[in-house]
Amino acid sequence: MKKIGMIFMSIAICAMVTGCTKEPAQKTETTNEPTETVPKIEQAAENQSIYVEEYNMEYQLDEAARILSGKTEMVIQNNTDTAFSEIYIRYFPAVSSDGNILSAKEETKELAIKQEKDASTILVKLSKELLPQNSTKIEIETKTTVPNQTERFGYYSNHGKHIYQLSFCFPQLGMFDQEEWILHPYITHGAECTFNRCSNYNLTLDIPEGYQAVGTGDEKREKNTVTIQGKNLREMAVVVSDMLECDSFEVNGTKINHYYLNENKNSDNYMKCIREAAKDSFQIYTKYIGKYVYTELDIVQCKFSGGMEYPGLIMLGTDFHKGDVDKYLDADEYSILTAHEIAHEWFYGAVGNDQYKEAWLDEGLATFLGDILYGNSETKSAPNPASKYKKKYGMEYADMKDMEITQMVTTDTKINGAYDEYASPEDYAENTYDRASLLFYELKTSMGEQNFKKALQEYYKTYRLKEAYGQDLIDILKKYGAKDTILEKYIK
């Protein structure tokens, strides 16, 4: 996730040195350059884990009542050496709205449930022990009001038209890893608390007539029922609206669908900005890191500030007044925002991590990839090509980064803290986004770009569709020449 206010830290520093001007994004032609062949990746049963092989979900969106209700069946596999008599379910609308778990069943047997101190955490007592190397099916029935708010879970109205942003609103199994349940408190906005394994998702969703649904998977529609199926997803998210139109294009054999609000259909600069930034950043990441793991990428214009990432889908917020977005658009900022959220498809979507405890692994890498690797590339849409940086800002790019490091990296710097270890949300963002991106910049410079690139490629290949911890990345970086003197400036 990225907020608009987090973008362009280097430019803010630059503004103290010289006057800054903005140049509009320019058009890039669609390309379909060949990429390396990646073997088909199947979800692997992780050692010593309890996880969901498949989520089968049936939900209804009641427009008149603003209610989302339905059932989720979880096919749960125990791949540990321990028998489980109880499990934890996460249901975030219990905090973000008035959501309730109406019932929990194991086959036909009603199960006892208990809400923990953090209301999104629900303890479920199983009808019998789930033995090692065995599976069971749990059905969770839920109901929640969709709140009237411009957040990742909420809805927005404009002259009788609506957009429903349905994420962090379906029940999921809590994360069990390294012999313990990892159950972080829910964060309403500005950060994430999730840590999920990959599962296969099958959702049928009844939607109002005249609406369409875009979700994390492949959509099929029959009358007013949409089926969304996706493999190797960390969560399900859906946008439902009667305000969306679509602009589709292809990059390196992957179809990218940009769903935009029809109130902005004549906003040419906005359309061009998103299209070209998506093309250019997607190409850069594919070449630099590895092949994208999903079949399509959906970019959906929503109503909130910043952006939010999901597997195969990003919500791109526009916190503007109603009407022509071009009147308020900063093309440089929105190019970077688009590139940042797309970068999460590699780091969060493909390579999972504990987003509450080690946000630097996904947010730091996404900021480095979006702000630096894409932002300073020689592509036409990049806001600050390195070759034009001095002319635009009055100093060389490397000198600017050195200034940032001097000003921002102090003895108090700690990028690897958990969310609740930071004094404020701003302190959290400065460390896990901005300072973490400076770490990766320093490593790229000190290791040499080829060694740094090889390290990221190995990290991606090793942990795609799995989960990684900070030490996993550090070990690979050190293998390719990362120095402790640099790592220890940032990681405490």
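In this predicted model, Phe452, Ala455, Glu458, Tyr459 and Tyr463 of helix α9 meet Asp472, Leu473, Ile476, Leu477 and Lys479 of helix α10, where contact means heavy atoms within 4.5 Å and helices are DSSP runs of H or I with at least four residues, numbered, like strands (E, at least two), from the N terminus. The residues of this contact divide into seven nonpolar, no polar and three charged, with Ala, Val, Leu, Ile, Met, Phe, Trp, Tyr, Cys and Pro counted as nonpolar, Asp, Glu, Lys and Arg as charged, and the others, Gly among them, as polar.

Residues are numbered from 1 along each chain as its sequence is written. Local features need pLDDT of at least 70 and side-chain atom pairs count only at pLDDT 80 or more, while totals for chains, interfaces and linings use all residues, and side-chain values use heavy atoms, with hydrogens and water left out.

The axes of α9 (residues 449-463) and α10 (residues 470-479) come within 9 Å and cross at roughly 140 degrees, the axes being lines fitted to C-alpha atoms over the stretch in contact, with angles running from 0 to 180 degrees between N-to-C directions. The two helices are therefore oblique to each other, since angles under 35 degrees count as roughly parallel, over 145 as roughly antiparallel, 65 to 115 as roughly perpendicular and the rest as oblique.

Lys479 counts as exposed at 55% relative accessibility, whereas Glu458, at 22%, is partly exposed; buried means under 20% relative accessible area, exposed over 50% and partly exposed in between, for a 1.4 Å probe and protein chains only.

By this rule the count comes to 16 salt bridges. Glu192 pairs with Arg152 at 3.2 Å between the closest N and O atoms, and both count as buried, Glu192 at 1% relative accessibility and Arg152 at 3%. Within helix α7 (residues 397-408), Glu404 and Lys401 lie three residues apart, about one turn of the helix, and form a salt bridge in which both residues are buried. Asp177, Arg197, Arg234 and Glu467 are linked in a network of salt bridges.

Burial extends to a whole element in helix α5 (residues 363-374), where 12 of the 12 residues are buried, so that α5 is largely enclosed by the rest of the structure.

Technical notes
Salt bridge = Lys/Arg side-chain N within 4 Å of Asp/Glu carboxyl O.
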